[in-house]
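Have a look at the structure first.

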Amino acid sequence: ELVENDQPTELPLRVSRARARAEQRDLAGARRDLTLVFALAASLEVPEARATGLTILGDVEYKEGDLIASAATLEEAVAEWRALDDPRGLAEALRFRGMTDVFRGELDTAVAYIEEALALFRSIEDRRGEAWGLQNLAWIAFQRGRHAKAEARLTASATAFGELGDWGGVAWALGLLAWVHFTQGKLEEAHSLATQILRE
């Protein structure tokens, strides 16, 4: 509210708040911010802000359960990030696009999107992005019954998150690993991981 008359300052703040609201699943709030993000990005001619807005909107639509809209929005975001030659933005949009296809049951295309995202994250040494990419690929491997591959990717993901001090990421990776163990009948391993997650 203090910067509403200072559009160049307001724009990145709106982008950041839209992202935070999407992560907290305040989806209506995220949409309100995104409406202003798109308007400001157009008036100030900041294509990176528009591409970021599309990426966040695709995530919002995915969380709302509108997978068709999410896929279309994220395709647009991917195209804009490619045109901008921005590997970080492109990697994030590709990873979200892949996860939309996971929940559409399109696992082959999901793997292609997320593997490209993972390669980009590694090329720019983005360890957090790499950790999320590994976790997403582990979930796909699990769905395909490739439990050893899922375990290896989740272990690598948890290690990367731990090195970053991202305990939320660690909890997600270990939680999925516990589920993989549970479905294989490895109850002691699953119980040990679940206890560790709850304690931390």
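A residue is called buried when its relative accessible area is under 20%, exposed when that is over 50%, and partly exposed in between (1.4 Å probe, protein chains only). What you see is a predicted model, where local features need pLDDT of at least 70 and side-chain atom pairs count only at pLDDT 80 or more, while totals for chains, interfaces and linings use all residues. Residues are numbered from 1 along each chain as its sequence is written, and side-chain values use heavy atoms, with hydrogens and water left out.

**Salt bridges**

Side chains of opposite charge can pair when their charged atoms come close. The name salt bridge is used for a side-chain nitrogen of Lys or Arg within 4 Å of a carboxyl oxygen of Asp or Glu. How many salt bridges does the structure hold? There are 21. Here are three of them:

| Pair | Closest N to O |
|---|---|
| D33 and R17 | 3.0 Å |
| R88 and D126 | 2.9 Å |

Take D33 and R17, which form a salt bridge. D33 sits in helix α2 (residues 27–44) and R17 in helix α1 (residues 7–23), so their pairing ties together parts 16 residues apart in sequence. Helices here are DSSP runs of H or I with at least four residues, numbered from the N terminus. Is D33 buried or exposed? D33 counts as buried because its relative accessibility is 1%, whereas R17, at 38%, counts as partly exposed.

Next come R88 and D126, another salt bridge. R88 is in helix α5 (residues 87–104) and D126 is in the loop between α6 (107–123) and α7 (127–143), so this pair ties together parts 38 residues apart in sequence. R88 is partly exposed at 45% relative accessibility, and D126 is buried at 15%. Salt bridges that share partners also join E10, R14, R17, R21, D26 and D33 into one network.

**Helices α3 and α4**

Helix α3 (residues 47–64) packs against helix α4 (residues 67–84) at an angle of about 155°, with the axes 8 Å apart. The axes are lines fitted to C-alpha atoms over the stretch in contact, and angles run from 0 to 180 degrees between N-to-C directions. R50 counts as partly exposed, at 31% relative accessibility.

Notes
Helices (H or I, at least four residues) and strands (E, at least two) are DSSP runs, numbered from the N terminus.
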